[in-house]
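Keep the 3D view open as you read.

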Amino acid sequence: MTRPESGAGSLEPALNVAVGIFSTPVWTLDAKYADELRARFPDVRFTQAFNHADFAGACEDADVVFGSMMRAETFARARRLKWIHSSAAGVGATLFPALVDSDVVLTNSRGVQSDAIAEHVVAVMLAWRRRLHIALRRQIAGTWAQDELAQLDAPRLRDTRVLIVGAGSIGQRAAQMIAALGMTVTAMRRTARDGAPGVDQLAAELPRHDIVIITAPHTPETDRLFDATMLARMKPGSLLINVGRGRIIDEPALVDALKQGRPGGAALDVFEREPLASDSPLWAMDNVIVTPHTSGFGPGFWEGLVDLFARNLERWRNGEPLENVVDKRLGY
């Protein structure tokens with residue numbers, strides 16, 4: 001079902017915007033936010049769709065798309081399209097050849113979730129440090145695990161070395177919070193710059209760090225970056241956190257590596273396939289914290305997302321440079 005409305009009466013609007021942010025209930029844009037955009041831009045027609053078929057129809061006459069994902073077959077029908085604003089920071093699934101080779105501008109929503117994801121990273125780090133995930137499992141079982149939980153083998157915070165793979169807005173915010181707790185932080189970029197190591201140095205850096213955090217986007221370069229060989233380079237007993245994209249880690253290889261203690265634990269918010277299969281061994285492993293792709297949620301998430309798009313729409317109409325333009329060749 002679509003909601004084609006505008007505040008311009010019977011006049012043909014100067015701009016058509018297709019809004020398609022839908023998947024699971026928690027990742028679907030409430031219709032009230034589309035209504036707020038209509039009130040803010042009364043001369044623009046916003047058509048909101050809640051399934052792929054309706055979204056494809058709305059894109060046929062759209063000049064602009066505000067959406068969660070663009071499929072190749074939908075893009076082929078969008079004959080007037082000039083700009084896509086992704087509601088996500090990662091846009092790997094949208095970068096099919098026809099879009100990459102086109103003149104259509106692509107922007108993303110990096111920065112909107114940075115605080116929430118950085119807070120999540122800190123939370124799971126401290127849970128691992130104090131073994132709270134083990135305490136919760138023993139609580140559910142009614143087990144007084146004092147002797148087990150007293151064996152805190154993780155280093156003190158001030159002695160902890162953290163490697164962040166991905167120095168974008170999320171990685172930078174996480175680095176700030178982590179450094180404030182007294183830990184030593186290294187942020188790794190795609191290429192070495194300003195004293196920061198490049199991804200080509202990952203194998204050398206992994207054995208030196210107690211915690212490794214993945215905040216990088218999924219691109220051809222990062223696909224299965226953490227394979228069996230790379231995981232074996234991790235420090236024994238270390239923690240691997242993934243809040244980037246699931247396909248950056250070879251998941252079966254990770255299960256095997258966790259059994260060997262390199263890494264010693266994992267905190268995973270993203271997975272190769274979502275929802276995570278009910279028979280995945282990750283669910284039952286004591287050294288794994290599983291969260292269902294919720295690290296990006298926090299107070300004001302939807303408001304911040306819509307406001308970013310609205311600011312960019314103003315810029316678009318005024319011929320000004322857009323925020324968060326994606327290099328379609330690099331993927332971010």
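Which residues line the largest cavity? This is a predicted model, and in it the lining is made up of F55, V65, G67, S68, M69, M70, I84, H85, S86, V91, T94 and L106. How do you find a hole like that? Rolling a probe the size of a water molecule over the atoms shows where empty space is left. The count here comes to 3 cavities of 30 Å³ or more, and the largest has a volume of about 60 Å³.

Two strands, β4 (64-67) and β5 (83-86), each give at least two residues to that lining. β5 has the largest share, with 3 residues. Sorted by class, the lining looks like this:

| Class | Residues in the lining of the largest cavity |
|---|---|
| Nonpolar | 7 residues |
| Polar | 5 residues |
| Charged | no residues |

Now over to helix α8, which covers residues 169-180. Its 12 residues should span 16 Å at 1.5 Å a residue, and because the C-alpha atoms at its ends are 17 Å apart, the two figures agree.

Which residues of α8 are buried? They are I170, G171, A174, A175, M177 and I178. The spacing has a simple background: an α-helix has 3.6 residues a turn, so residues three or four places apart point the same way. The buried residues of α8 pack against another helix, α5 (114-130), and against the strands β7 (161-165), β8 (184-188) and β9 (211-214).

After α8 comes G182, with a positive phi near 95 degrees.

Notes. Residues are numbered from 1 along each chain as its sequence is written. This is a predicted model: local features need pLDDT of at least 70, side-chain atom pairs count only at pLDDT 80 or more; totals for chains, interfaces and linings use all residues. Side-chain values use heavy atoms; hydrogens and water are left out. Helices (H or I, at least four residues) and strands (E, at least two) are DSSP runs, numbered from the N terminus. The expected span of a helix is 1.5 Å times one less than its number of residues. Buried means under 20% relative accessible area, exposed over 50%, partly exposed in between (1.4 Å probe, protein chains only). Contact means heavy atoms within 4.5 Å. On a 1 Å grid over the protein atoms alone, a cavity is a set of points where a 1.4 Å probe fits but cannot get out, and a pocket is an open set with protein on both sides within 12 Å along at least five of seven lines; lining residues have an atom within 4 Å of a point. Grid points are joined across faces, edges and corners, and a volume is the space filled by probe spheres set on the points. Ala, Val, Leu, Ile, Met, Phe, Trp, Tyr, Cys and Pro count as nonpolar, Asp, Glu, Lys and Arg as charged, and the others, Gly among them, as polar.
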